[in-house]
Amino acid sequence: MVEKYERFLSLDILRGMTVVGMILVNNPGCSGEGFKWLGHVPWHGCVFADVIYPFFLFVLGASCWFAMRKNGQQLTVAVTWKILKRGVLIFGLGLLYNWLPFDFPVSQLRVMGVLQRIALVYVFGAFLALGLKSYWKISLVSVVILLGYWLLLAQTGFNDPWHNLPGRVDLALFGPEHIHVYNTRTGTGFDPEGLMGTLPSLVNMLLGYMTAKWLGQASMKRRAVLQLMGMAVGVLVLSWLWSRVFPYNKRLWTSSFVLCTSGWAALCWGVLLYIIDVWKVKKWSGFFAVFGTNALFTYILSGVLGVFLWRLQWTTVDGVRTGLCKWLTEHVFIYMGMPRVSSLLWGMCILLFCWLVAYPLYRRKIFIKL
């Protein structure tokens, strides 16, 4: 008999906050200058923008545990096909997303990307979580993955964007036309969402899965949340110590980066869970719930909208070619503050439009499952 567990609104809010962050980070405007915390670190390091994507994978793992309750966390044939179909759908949408606005040949299409990694992590992470089941087995596999990835990267080093093992793997598998960046001078390439980085990304999902299992099965919620927050702090300390020899690096998705981002994700969920699910203070959370219940839909919508609004151009009476982003920046946003604020305002415009589309769906309880 399948046990019944409560669902946490705080998880939807954390997912919604994550999508809001993803939209703001991916739409920096055209002022030429943005807030540093909304831009990714060039190589080693970790700021706000870098933790958003790992947060989504952590939430993906937590959501997987809740979604599989009705199947008793069993990897049946029906569940297997469901996981595979969803993975293929998300990966295919990622390819279409990379092809936007469809003005270049498929021979130049980037293979990997944000949605593609989400698809691969979901499929392999779900199989691992449902197959291993126990905390210690999932933890053991996670440790092996993180230590193994460290040893693999150590073979070529991890201080040079153009000379590292993940870059070589991407170039060998996909070729220079199908990766994110290719250096014609050195003949080397690199993809920040490359195939090899998917391996440690699995651990973000597995840790999210174990966190949901821990909280969902706990009989004393307040105590479980406090214990979770304590463990999250411990993981953050461990990640900081590891970063002394294996630096935080989102583009390589280093093992220390996995622990750092998972630790922060668990800590943030713990705080939100205490506020929303324990104290029942949740009136403020409605804005984020709209994004949290149609997460991938609103993320894809923001990308499509961003591409086509960016390309919306016209010729002024002076014969100057301009676009919507540039026009708003020069004629509206400029009066609201410095260029950094203008950059943020463009992202907020995209965010508001997506919210206006997703809000009626939320009110009618229409959830577009991708």
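Modeller: Arg244 sits in the loop between α8 and α9, the latter spanning 255–278. This is a predicted model, so please read each value as computed from it. Is Arg244 buried or exposed? Its relative accessibility is 55%, and Arg244 therefore counts as exposed. The side chain of Arg244 has a polar atom 3.3 Å from the backbone oxygen of Trp240. As for Lys36, 208 residues separate it from Arg244 in sequence, and the C-alpha atoms of the two are 23 Å apart in space.

Helix α8 covers residues 221–243, and its axis comes within 9 Å of the axis of helix α7, residues 198–217. The two axes cross at roughly 155°. Angles over 145 degrees count as roughly antiparallel, and α7 and α8 are therefore roughly antiparallel to each other. Which residues meet there? On the α7 side they are Thr211, Trp214, Leu215 and Gly216. On the α8 side they are Lys221, Ala224, Val225, Gln227, Leu228 and Met231. Sorted by class, this contact has six nonpolar residues, three polar ones and one charged one.

Now to another residue of α7. Thr198 is found in this helix, and with a relative accessible area of 7% it is buried. Leaving aside residues up to four places away in sequence, Thr198 touches Met112, Arg117, Leu120 and Val121.

Thr188 has its place in strand β2, residues 188–190. Because its relative accessibility is 14%, and under 20% means buried, Thr188 counts as buried. Its side chain is joined to that of Thr186 by a polar contact of 2.6 Å. Beyond residues up to four places away in sequence, Thr188 touches Trp162, His163, Leu171, Tyr182 and Asn183.

Finally, a few backbone details in other loops. Leu100 and Pro101 are joined by a cis peptide bond, with omega about 0°. Pro101 lies in the loop between α3 (77–99) and α4 (114–132). Gln73, in the loop between α2 and α3, has a phi near 60°, a positive value in a residue other than glycine. With a relative accessible area of 12%, Gln73 is buried. Lys280 also has a positive phi, about 65°, although it is not a glycine. Lys280 has its place in the loop between α9 and α10, the latter being 286–292. With a relative accessible area of 53%, Lys280 is exposed, whereas Gln73 is buried.

Technical notes:
Residues are numbered from 1 along each chain as its sequence is written. This is a predicted model: local features need pLDDT of at least 70, side-chain atom pairs count only at pLDDT 80 or more; totals for chains, interfaces and linings use all residues. Side-chain values use heavy atoms; hydrogens and water are left out. Axes are lines fitted to C-alpha atoms, for helices over the stretch in contact, and angles run from 0 to 180 degrees between N-to-C directions. Helices (H or I, at least four residues) and strands (E, at least two) are DSSP runs, numbered from the N terminus. Angles under 35 degrees count as roughly parallel, over 145 as roughly antiparallel, 65 to 115 as roughly perpendicular and the rest as oblique. Contact means heavy atoms within 4.5 Å. Ala, Val, Leu, Ile, Met, Phe, Trp, Tyr, Cys and Pro count as nonpolar, Asp, Glu, Lys and Arg as charged, and the others, Gly among them, as polar. Buried means under 20% relative accessible area, exposed over 50%, partly exposed in between (1.4 Å probe, protein chains only). A polar contact is a pair of N or O atoms within 3.5 Å; within protein, one must be able to donate a hydrogen and the other to accept it, and residues adjacent in sequence count only if both atoms are side-chain atoms.
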